[in-house]
Amino acid sequence: MNYFSDTPGYRLHLHHPMMKRIVELKERHFADKDTYDYAPHDYEDAMDSYEKVLEIVGQICDEIIAPNAESVDRDGPSLHDSRVTYAPGTQRNMDAVRKAGLTGIAMPRRYGGLNFPIVPYIMAADMVSRADAGFENLWGLQDCAETLYEFGNEDQRRRYIPRVCAGETMSMDLTEPDAGSDLQSVMLKASFDADSDCWRLNGVKRFITNGDADIHLVLARSEDGTKDGRGLSMFIYDKRNGGVDVRRIENKLGIKGSPTCELVFRNARAELCGERRLGLIKYVMALMNAARLGIMAQAVGICEAAFREGHAYALARRQFGKAIIEFPAVYEMIALMRAKTDAARALLYETARFVDIYKALGDIAGERKLEPDERSEMKTFARLADAFTPIGKAMATEFANQNAYDSIQIHGGSGFMKDYASERLYRDARITNIYEGTTQLQVVAAIRHVTTGTYLARIREYEAAECKSELDGLKKKLAGMADLYAEIAADVAATKEPEYIDFQARRLVEAAAHCIMGHLLLQDADRDDRFRPSAEVYVNYAQAEVDRIYSFVKRFDRDNLAFFKVHN
């Protein structure tokens, strides 16, 4: 069983019509073909290359990463002399992906990467997460190299990115004991050492994923006397220079193969990445958006794994003389798990396509002046990526938790036991709607795209697309849902009461998401009949959810808001 070939959604999204534009931008009209023998010569060659690499990822996931998941969850990493040692299974996973050349996938070829777009890279992350969500936290942190590439200078790119492409690990050191969601409160001190012509870092970082990595991106306070985000800068720390010890590895509920560390910086040598004062305002925001796309992929992988575990058990388990999947209470759960997974995956790759286009154009802008239509295109897709990333991260991670919950429920008492993978998936899923910004914070980021009409405009564009006549019924339901969403979004925005808008924000964001995902599944069903069952199930589910949200918002008396604060 190959994790790539056994999931039809991958090829469907890999061959999406927008991929031609993405590949054209990424490959610069295939200019690398004369310099690198592994560079594609045309679009078909590029797509063939993506498929071959993804098949390798799928094989490694099936043969190595997934079989190691149970032992990694049991053994976990260990701490010796302030250094982290991975679980034996994790080390085998790392060796396999390094040997296969699966680090630095999205980096340019001149630094040792494969120059893949984000879409196939995220597909690999999706598969790795299905095999072991904890390992995705290690493998997926190569994302940090994208930030280094985007904001570091050429000397830094040449020194660090080839190391990542060769298999060295990265981490992003942001949070502190008193600075979690509020990163403006970061106090780790950065001081310039004129004698050594470098910066020195002192302080503590907490909850750092893969905290004993080879190369770190560190958010630190470089400006004396400041207390907000304008005093923060981004730094590169190289583990080979010493000065940072791992004080502890956190004892976590899930994703146990990924060491989450508390770090102590003692005069650690570092170098500035980009410009001073832009660490949080610019660089961490870009880093977090990339990380949120990765967490979406992790959540979709967990969704897929949970569905498969629940489905397999429901087929095999017999009660009252028949397989439990024959009972409506069970087959409804199974169908909805499949539909939620396909909906989340559709939203994931739509978001990845938006990110691919605007980032490729941004990269080209560093080489030459963009044409007016290119600038307009970059602006459009940057706005869409900004809108879809928080809504996607919120919905995909909530679905991952729901699917993991339902998988255990289908297993009954057996699901509560460590004999079955559902128990591990349930624990692994729980962090996804917390780290890299909680669902509540994603709603805060998304609500302005409700009030400014970004989501509604995109929904109307989806409505204008043609589809097969047999899908007209679903299209009409989606149009009705969009009308209800538009009405309540306008009603809430018209109050101009910030507290009330914030109170209704999650409901409005979820209503928008249901309309968007319904349309994306409609598109999938239009291109491939295998997705029609998921489209039918999801649109009916989403219609009920939007009706519920509409009813709550329309009937809510704003005077009752006081009762929600009675215990504050």
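Cys515 has a relative accessible area of 0%, so this residue is buried (buried means under 20% relative accessible area, exposed over 50%, and partly exposed in between, with a 1.4 Å probe and protein chains only). This is a predicted model, in which local features need pLDDT of at least 70, side-chain atom pairs count only at pLDDT 80 or more, and totals for chains, interfaces and linings use all residues. Residues are numbered from 1 along each chain as its sequence is written, and side-chain values use heavy atoms, leaving out hydrogens and water.

How many disulfides does the structure hold? It holds zero, where a disulfide is a pair of cysteine sulfur atoms within 2.5 Å. For Cys515, the closest cysteine sulfur is in Cys467, and at 16 Å it is too far for a bond. Cys303 is buried too, because its relative accessibility is 0%.

Now to the rings. The structure holds 22 aromatic pairs. Rings of Phe, Tyr and Trp (its six-membered ring) pair if their centres lie within 6.5 Å; planes under 30 degrees apart count as stacked, over 60 as edge-to-face and the rest as tilted. Here are two of these pairs:

| Pair | Type | Centre to centre | Between planes |
|---|---|---|---|
| Phe4 and Tyr10 | stacked | 5.9 Å | 15 degrees |
| Phe192 and Trp199 | edge-to-face | 5.5 Å | 70 degrees |

Phe4 and Tyr10 are both buried. Trp199 counts as buried because its relative accessibility is 8%, whereas Phe192, at 46%, counts as partly exposed.
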